[in-house]
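Subject: Structure handover

Hi,

Here is the structure for your side of the work. Please open it alongside this note. My findings follow below it.

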Amino acid sequence: MKKEHHGHCHCGAVRFSFEAEEITNGVRCNCSICARKGAVMAGVLIPEQELKIEADEGMLGLYQFGAKTAKHFFCKNCGIYTFHETARKAGHYRVNVACIDEVDVFALPVEVFDGKHLL
Ligand SMILES: [Zn+2]
């Protein structure tokens with residue numbers, strides 16, 4: 001059953017919500033940026049139109065590199081990565097599972113995606 005998930009960065013300037021099943025697994029990725037971020041992402045891929053983003057004026061930062069297909073968003077105040085549009089599937093987002101309310105990132109099974117070789 002789907003439920004509404006809410007999340008936010010550390011300071012609360014960037015907030016998001018989406019509807020999805022219970023979050024039961026996390027994903028890490030070994031590509032050049034994910035390896036550095038070290039974040040665990042929610043296993044679910046969220047279509048763009050289903051991710052509601054709210055941010056205080058000027059606080060949503062965007063980082064892009066290389067072919068600039070992926071969009072890596074973060075909070076300009078606290079620096080936390082909140083979500084990104086994936087390079088693999090245009091119009092789809094992954095979120096930082098540690099930013100989601102009521103989800104304990106340390107309790108989730110986490111798999112590693114081989115983005116280093118597959119992206
Ligand atoms: Zn913040």
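Partly exposed means a relative accessible area between the two cut-offs: buried is under 20%, exposed is over 50%. Lys71, at 30%, is therefore partly exposed. Bear in mind that this is a predicted model.

Salt bridges

The count is five salt bridges.

Start with Lys71. Its partner in a salt bridge is Glu85, with 3.7 Å between the closest N and O atoms. Lys71 sits in strand β8 (residues 71-75) and Glu85 in strand β9 (residues 81-85). The two are 14 residues apart, and the pair links distant parts of the chain. Is Glu85 buried or exposed? Glu85 is buried, with a relative accessible area of 8%.

Next, Lys52 and Glu4. They form a salt bridge, and the closest N and O atoms are again given as 3.7 Å apart. Lys52 belongs to strand β6 (residues 52-55) and Glu4 to strand β1 (residues 3-8), so this pair ties together parts that are 48 residues apart in sequence. Both ends are partly exposed: Lys52 has a relative accessible area of 48%, and Glu4 has 35%.

Then Glu54 and Arg15. Their side chains meet in a salt bridge at 3.6 Å, N to O. Glu54 is in strand β6, Arg15 in strand β2 (residues 14-20). That pair also links distant parts of the chain, 39 residues apart. Arg15 is partly exposed, at 26% relative accessible area.

His5

His5 deserves a separate entry. His5 lies in strand β1, the strand that also holds Glu4. His5 is buried, with a relative accessible area of 3%; the cut-off for buried is under 20%.

What lies around the polar atoms of the His5 side chain? The backbone oxygen of Ala20 is 3.2 Å from a polar atom there. The backbone oxygen of Glu21 is 3.0 Å from a polar atom of that side chain. Leaving out residues up to four places away in sequence, His5 touches Phe16, Ser17, Phe18, Ala20, Glu21, Glu22, Ile23 and Ile100.

Best regards

Conventions. Residues are numbered from 1 along each chain as its sequence is written. This is a predicted model: local features need pLDDT of at least 70, side-chain atom pairs count only at pLDDT 80 or more; totals for chains, interfaces and linings use all residues. Side-chain values use heavy atoms; hydrogens and water are left out. A salt bridge is a side-chain nitrogen of Lys or Arg within 4 Å of a carboxyl oxygen of Asp or Glu. Helices (H or I, at least four residues) and strands (E, at least two) are DSSP runs, numbered from the N terminus. Buried means under 20% relative accessible area, exposed over 50%, partly exposed in between (1.4 Å probe, protein chains only). A polar contact is a pair of N or O atoms within 3.5 Å; within protein, one must be able to donate a hydrogen and the other to accept it, and residues adjacent in sequence count only if both atoms are side-chain atoms. Contact means heavy atoms within 4.5 Å.
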